[in-house]
There are 2 protein chains.
Amino acid sequence: MPIIVQKYGGTSVADTERIKNVARRLVAARGEGYQVVAVISAMGDTTDELLAMAHDISAEPPERELDMLLSTGERVSVALLAMAIHELGQTAISLSGNQAGIQTNTVHTKARITGVETRRLIEELDSGKIVLVAGFQGVSPEEDVTTLGRGGSDTTAVALAAALEAQQCEIYTDVDGVYTADPRIVADARRIAAVSYGEMLEMAATGAEVLMLRSVEYAQKYGVPLHVRSSFTDQPGTWVREEDENMEKAVVSAVTHTDDESKLTLLRVPDRPGVAATVFGALAGENVNVDMIIQNVSEQGTTDISFTVNQPELPAAQKALDALSDELGVAYIIGEQMGKVSIVGAGMKSYPGVAAKMFKTLADAGINIEMISTSSIKVSCVIERAQVEDAVRALHTAFALG
Amino acid sequence: MPIIVQKYGGTSVADTERIKNVARRLVAARGEGYQVVAVISAMGDTTDELLAMAHDISAEPPERELDMLLSTGERVSVALLAMAIHELGQTAISLSGNQAGIQTNTVHTKARITGVETRRLIEELDSGKIVLVAGFQGVSPEEDVTTLGRGGSDTTAVALAAALEAQQCEIYTDVDGVYTADPRIVADARRIAAVSYGEMLEMAATGAEVLMLRSVEYAQKYGVPLHVRSSFTDQPGTWVREEDENMEKAVVSAVTHTDDESKLTLLRVPDRPGVAATVFGALAGENVNVDMIIQNVSEQGTTDISFTVNQPELPAAQKALDALSDELGVAYIIGEQMGKVSIVGAGMKSYPGVAAKMFKTLADAGINIEMISTSSIKVSCVIERAQVEDAVRALHTAFALG
């Protein structure tokens, strides 16, 4: 019997009525002849409520204890869902990440899955049960509970689908798929029927929030077909899979954006080997995730280096740079209110002039480009935050995505 | 370094402020030179809230899933408490029942502890940490989460104290010890400094709610001295330990009571071997806990059998008896609104006339005794529920307990 893995996010199990709805969906999938594994997130705002209690007690709670705390939310969901399935006359069993064999490293609050021990999963499936796995969590070699970071339940689902060689992995969420742009900004944004892993990775990296980067990486690595769809309808959503001839041959598949970038520019940095390593080493030391980096050779043996960070990480970045300023004798300036707009498309690889068209579109809309970064299937531009929505709309129209 | 085990109930950790209070107490105990293990219950009403969600989904949720659900409450408490201790500059680690090595049988929702594997507990203690154990839970041979039933955290604490050969086990609660009678009923009820295990067992069995029967049995079996005290003061509470010469030599130590008894009387039952076995076998089949049983030889080869059950179990008892009525051809009558008043005291063993004094006291107060049951250190009388409070006050005065 083929195995299907379904993942339901927090909004899909936000209250007992919605849990009953998910139970009906799982029983239906079982009735269609699948062995069913479901990965479940914590109900609604549970994780935020638990975090609020933790921060009421400590500004910097120990991460091992945060994992012990936060991992309870998904256990509540799976237990309640098991009850709801029993109520429908089917048998189900809830499993914690540990019981489901999700093995991770010891990096608490953002652990990585190192393996899946499928013995119990297969036993329970073979005994005819619907298997419900608490998402977002695993167990470390020290037998401590770990969590996988934001969007971790998606990764749990993909990892289980890979380990069980599932036919497919369905990601149920509160939107009905991946769109050509954020529908809240672009009225005629269109659901995309299918995208390649590579495109989805670029989209996730540049602001599409529907899937977390790591789960897409995992799906690509193990060739797990993902189906992103709504838990409130029966409509098909968006498939994420290997690029093939049936996919739309759009040059540009989607416009993505972020609106929480800050730009820092180091002025007149000595232009000698090792300087960039010093700067970005210091930032890494403060756990700052640097996104885009640009260095231009300037004049008289000095250079300017610009980079962007997520705005919440700006204070940490400033701390790192202030500590460096004596050593390197450089000043820096901050552009705090920045955003980023990107176009993503697998067709771009074999189609020249796409970047030029993007730059012209933004120029025609009176939008100044501060930084540019490209990959083979993506072009990103950092711009003023206030102009992000206009930019998204202009690009969506220019590339005829509506 | 001596080990101390402390247990804190749900009211002691009802909110983050109280959790911080418990953290201070644990750090203080560490400062006094103890290795500290703390067993923690779920915060305030957490367990009831989880149960309400379960019953919103299913009238009879599967017990394995109830255990998965309910065990999360204690995990939240221990994680938050670990954070609060770190905030005070001490190191602590939270452990689930499983991680703490609490092994149980597979009887979900009322599992019994079968052993404690202390390896990790000792490792963590030896590394200087305060060890926080989620109460009320363990792990079955199938590696499923089990819970220990009402008052289970007390049992967890006693089991850990026994396995670790702790110097003592302190049970922190919202009352400051064991009283000579319920202070809500008897104004001059007095805290008892020390009672023997045997007396505490009888008191717990006859209505004293401060400690659960099973935890006292466990403490007696392994000789763990218990100290029942308040988490809101530093006053000493009540010691529960082996009977010794330093204990008060009171003939009667306490008056206990219950007010949710129902009495059933089977009329003119055939007086032949096996009848009682049939009746009480049928009741056991419906999971009815029978408390007191009395059989009097009646006339002409028949007998009357009376017994009491907790009132919530009355419907199940009636179901069992109705099914029997054809077989045995007997009728039964019900006294629904009954209560029970008991006197407990180790001194009673060597002091005649105590029961007689009890009966006379009740008679003088105009209270009719419906049933009597005795052990070597206890006399219990079933009476009308409306007269229970008067009976408790009269007996407390008659035996000079104030």
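In chain B, strand S1 (residues 3–8) and strand S9 (residues 168–173) pair in the parallel sense over five bridges. Within this pair, B:Tyr8 stands opposite B:Tyr172 of S9(B). Helix H5 (residues 152–163) of chain B packs on the sheet here, touching S1, strand S2 (35–40), strand S6 (130–134) and S9 of chain B. The direction of H5(B) makes about 175 degrees with that of S1(B). The model described here is a predicted one.

The pair belongs to a wider arrangement. Eight strands of chain B form an open sheet in the order S3-S6-S2-S1-S9-S11-S12-S10, and the pairing is mixed. At the edges are strand S3 (92–95) and strand S10 (194–196) of chain B, each of which pairs on one side only. On average, neighbouring strands of this sheet are turned by 20 degrees against each other, direction ignored. Another helix of chain B, H6 (residues 197–205), lies across S10 and strand S12 (238–241) of chain B, running at about 90 degrees to S10(B).

S10(A) pairs with strand S12 (residues 238–241) of chain A in the parallel sense, over three bridges. A:Ser196 stands opposite A:Arg241, a residue of S12(A).

One loop residue can be followed in detail. A:Ala187 is placed in the loop between strand S9 (168–173) and strand S10 (194–196) of chain A. Is A:Ala187 buried or exposed? A:Ala187 has 10 other C-beta atoms within 10 Å, and a residue counts as exposed if that number is 12 or fewer, so A:Ala187 is exposed. The C-alpha atoms of A:Ala187 and A:Gly402 are separated by 8.6 Å, although the two residues are 215 residues apart along the chain.

How are the two chains related? A rotation of 179 degrees, with 0.0 Å of shift along its axis, superposes chain A on chain B with an RMSD of 0.2 Å. That is the relation of a two-fold axis. In chain A, the C-alpha nearest the axis belongs to A:Thr72, at 2.8 Å from it. Both copies use the same surface, since 100% of the contact residues of chain A recur in chain B.

The contact itself involves 27 residues of chain A and 27 residues of chain B. On the side of chain A that touches chain B, the elements giving two or more residues are helix H1 (16–31), helix H2 (46–57) and helix H3 (63–87) of chain A. H3(A) gives the most to that side, with 13 residues. By class, the side of chain A that touches chain B has 15 nonpolar, six polar and six charged residues.

Technical notes
Residues are numbered from 1 along each chain as its sequence is written. Chains are lettered from A and ligands numbered from 1 in the order in which they are written. This is a predicted model: local features need pLDDT of at least 70, side-chain atom pairs count only at pLDDT 80 or more; totals for chains, interfaces and linings use all residues. Helices (H or I, at least four residues) and strands (E, at least two) are DSSP runs, numbered from the N terminus. A residue is buried if 20 or more other C-beta atoms lie within 10 Å of its own, exposed if 12 or fewer, and partly exposed in between; C-beta atoms are placed from the backbone. Two strands pair if DSSP finds at least two bridges between them. Copies are superposed by least squares on the C-alpha atoms of residues with pLDDT of at least 70 in both. Two residues are in contact if their C-beta atoms, placed from the backbone, lie within 7 Å. Ala, Val, Leu, Ile, Met, Phe, Trp, Tyr, Cys and Pro count as nonpolar, Asp, Glu, Lys and Arg as charged, and the others, Gly among them, as polar. Axes are lines fitted to C-alpha atoms, for helices over the stretch in contact, and angles run from 0 to 180 degrees between N-to-C directions.
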